[in-house]
Amino acid sequence: MGIILMIAGVITVAVGIWRNRNPGGPILVGDVTDYVRDLYGVRRASRKPLVIGSVLFLTGLVLLLAR
């Protein structure tokens, strides 16, 4: 279980870093125009994937070390 959580955490953090560096649009959809960005009020990518991925990774690490 710990290994699965660590892998999920690494993937989530990688997606979060990619979104912060490439805020052009949703993953696998392409670029989003400025009109759509203004319509939904999105100025920059969220930091939630970074936080969630870090928590998953640390939880998996704790589970592995507590074994």
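Biologist: Is Ala-8 buried, partly exposed or exposed?

Modeller: In this predicted model, Ala-8 is partly exposed, because its relative accessible area is 28%, and partly exposed residues fall between the 20% limit for buried and the 50% limit for exposed.

Biologist: Which helix does Ala-8 lie in?

Modeller: Ala-8 belongs to helix 1, which covers residues 2-21.

Biologist: How far is Ala-8 from Ser-54 in sequence and in space?

Modeller: In sequence, 46 residues separate Ala-8 from Ser-54. In space, the distance between their C-alpha atoms is 9.7 Å.

Biologist: Where does Ser-54 lie, and is Ser-54 buried, partly exposed or exposed?

Modeller: Ser-54 is part of helix 3. Its relative accessibility is 34%, so Ser-54 counts as partly exposed.

Biologist: Let us turn to the helices themselves. At what angle do helix 1 and helix 3 pack?

Modeller: Helix 1 and helix 3, the latter formed by residues 48-65, pack at an angle of about 160°. Their axes are 7 Å apart.

Biologist: Are they roughly parallel or roughly antiparallel, and why?

Modeller: Helix 1 is roughly antiparallel to helix 3, because angles over 145 degrees count as roughly antiparallel and the angle here is about 160°.

Biologist: Is the crossing left-handed or right-handed?

Modeller: The crossing of helix 1 and helix 3 is left-handed.

Biologist: How many of the contact residues are nonpolar, polar and charged?

Modeller: The contact of helix 1 with helix 3 has 15 nonpolar residues, 9 polar residues and no charged residues.

Biologist: What about Asn-20: where does Asn-20 lie, and is Asn-20 buried, partly exposed or exposed?

Modeller: Asn-20 lies in helix 1. With a relative accessible area of 28%, Asn-20 is partly exposed.

Biologist: How far is Asn-20 from Leu-50?

Modeller: Asn-20 and Leu-50 are 30 residues apart along the chain, and their C-alpha atoms are separated by 9.6 Å.

Biologist: Now the start of the chain. Where does Met-1 lie, and is Met-1 buried or exposed?

Modeller: Met-1 sits in the segment before helix 1. Its relative accessible area is 70%, so Met-1 is exposed.

Biologist: How far is Met-1 from Gly-60?

Modeller: The C-alpha atoms of Met-1 and Gly-60 are 7.1 Å apart, while the two residues are 59 positions apart in sequence.

Biologist: Finally, the protein in general. How many helices and strands are there?

Modeller: There are 3 helices and 0 strands. From the N terminus on, the order of the elements is α-α-α.

Biologist: What share of the residues is buried, and what share of the contacts is between residues 24 or more positions apart?

Modeller: Of the 67 residues, 18% count as buried. Among contacts with a separation of 6 or more, 75% join residues 24 or more positions apart.

Biologist: What is the accessible surface of the protein?

Modeller: The accessible surface is about 5,300 Å². Carbon and sulfur atoms account for 69% of that area.

Technical notes:
Residues are numbered from 1 along each chain as its sequence is written. This is a predicted model: local features need pLDDT of at least 70, side-chain atom pairs count only at pLDDT 80 or more; totals for chains, interfaces and linings use all residues. Side-chain values use heavy atoms; hydrogens and water are left out. Axes are lines fitted to C-alpha atoms, for helices over the stretch in contact, and angles run from 0 to 180 degrees between N-to-C directions. Helices (H or I, at least four residues) and strands (E, at least two) are DSSP runs, numbered from the N terminus. Angles under 35 degrees count as roughly parallel, over 145 as roughly antiparallel, 65 to 115 as roughly perpendicular and the rest as oblique. A crossing is left-handed if the near helix is turned anticlockwise from the far one by less than a right angle, and right-handed if clockwise. Ala, Val, Leu, Ile, Met, Phe, Trp, Tyr, Cys and Pro count as nonpolar, Asp, Glu, Lys and Arg as charged, and the others, Gly among them, as polar. Buried means under 20% relative accessible area, exposed over 50%, partly exposed in between (1.4 Å probe, protein chains only). Contact means heavy atoms within 4.5 Å. Accessible areas come from the Shrake-Rupley method with a 1.4 Å probe; for residues, only the protein chains shown count as cover.
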